[in-house]
Amino acid sequence: MSRRLRVLHAIHDFLPRHQAGSEIYAFDLAREQCARHDVFVLAAEYDPSAHHGTLRWRAHDGLPVIEVVNNWECDGFDRSYQSPRLDEQLGHALDAVRPDVVHVHSLFNLSFGLPRLARERGASVVGTLHDYTLVCPSGGQRVHVAEEYVCEEIDAERCSRCFVQSPLYSQMAAGRATRLPGGRMLGRAAKWMRRVAPSAATAAAAALDAGPVTAGDIRRRLAHARGVFEAVDLWVAPSASLGAEFVRLGLDPRRLEISDYGFAG
């Protein structure tokens, strides 16, 4: 009989508040694994009424979920993908769970430092390439909406323009505001406004400024993403084309497997 493992699935957000493809995929996989292993989920949640970095435990349909509050309280663009505060809290979560295996579904809203932290604690790390969030800072879409441009190639100059026009830049700007005196009260008001008047809340956030984001900032993020490629023991891509694109972007093909979903050929 195989040894019972402690498995931690890491994803940018989770059910029931967030219901999309990768969240449902991770949930179904985790539930299936529960028959043979001890399974946990680590996810981020945006909650400006709570302190940035707060760790919370909850359960969803029997799965234990560790939730880290990420309010995008970033001193600069680099802290949007690798935050010392979040790294510290993610380290606490890893110490509590003591996983044998960490399965990374998305590091968006978490930290590029998570795979390294897991390996330092003796865990094996695998990753599923659900999307392009590792290499596209504007939510992984690789579409510059304002310029109506599909990014076949990652152009750092275009990325820097795209990010400051994205909702994520507004979220980063709002995160700066919640750090000011009275920021928690402002955060509670913003949370209420998003519930009762979402369009007004979006417009208010868009008026805030989080500072410049340059092509150099984008290139440094891509360099850190390549570091994540190396920190994960094995990557799984759902298609050969997606896998080939990540190899082109710097992923070692020896660390990559293409899922055949049970079909031959």
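This report looks at a predicted model, starting with its sheet and ending with one glutamate.

## The sheet

Let's begin with the strands. Eight of them make up an open sheet with mixed pairing, and the order across it is β3-β4-β2-β1-β5-β6-β9-β10. At the edges sit β3 (55-60) and β10 (256-258), each of which pairs on one side only. On average, neighbouring strands here are turned by 25° against each other, ignoring direction.

Now zoom in on one pair. Strand β6 (residues 124-128) and strand β9 (residues 234-237) run parallel and are joined by three bridges. If you find Thr 128, its bridge partner in β9 is Val 236. There's also a helix on this sheet: α1 (residues 21-33) packs there and touches β1 (6-11), β2 (38-45), β3, β4 (63-69) and β5 (101-104). The direction of α1 makes about 175° with that of β1.

Next, look at helix α4 (residues 156-164) and helix α8 (residues 215-231), whose axes lie 8 Å apart and pack at an angle of about 105°. That angle makes α4 roughly perpendicular to α8.

Who meets whom? From α4 come Ala 156, Glu 157, Cys 159 and Ser 160, and from α8 come Ala 215, Ile 218 and Arg 219. Sorted by class, this contact has four nonpolar residues, one polar and two charged.

## A buried glutamate

Finally, find Glu 245 in helix α9 (residues 240-248). Its relative accessibility is 13%, so Glu 245 counts as buried, the cut-off being under 20%.

The side chain of Glu 245 makes a polar contact with the Arg 248 side chain, at 2.8 Å. Setting aside neighbours within four places in sequence, Glu 245 is in contact with Tyr 132, Arg 142 and Glu 152.

Methods
Residues are numbered from 1 along each chain as its sequence is written. This is a predicted model: local features need pLDDT of at least 70, side-chain atom pairs count only at pLDDT 80 or more; totals for chains, interfaces and linings use all residues. Side-chain values use heavy atoms; hydrogens and water are left out. Axes are lines fitted to C-alpha atoms, for helices over the stretch in contact, and angles run from 0 to 180 degrees between N-to-C directions. Helices (H or I, at least four residues) and strands (E, at least two) are DSSP runs, numbered from the N terminus. Angles under 35 degrees count as roughly parallel, over 145 as roughly antiparallel, 65 to 115 as roughly perpendicular and the rest as oblique. Contact means heavy atoms within 4.5 Å. Ala, Val, Leu, Ile, Met, Phe, Trp, Tyr, Cys and Pro count as nonpolar, Asp, Glu, Lys and Arg as charged, and the others, Gly among them, as polar. Buried means under 20% relative accessible area, exposed over 50%, partly exposed in between (1.4 Å probe, protein chains only). A polar contact is a pair of N or O atoms within 3.5 Å; within protein, one must be able to donate a hydrogen and the other to accept it, and residues adjacent in sequence count only if both atoms are side-chain atoms. Two strands pair if DSSP finds at least two bridges between them.
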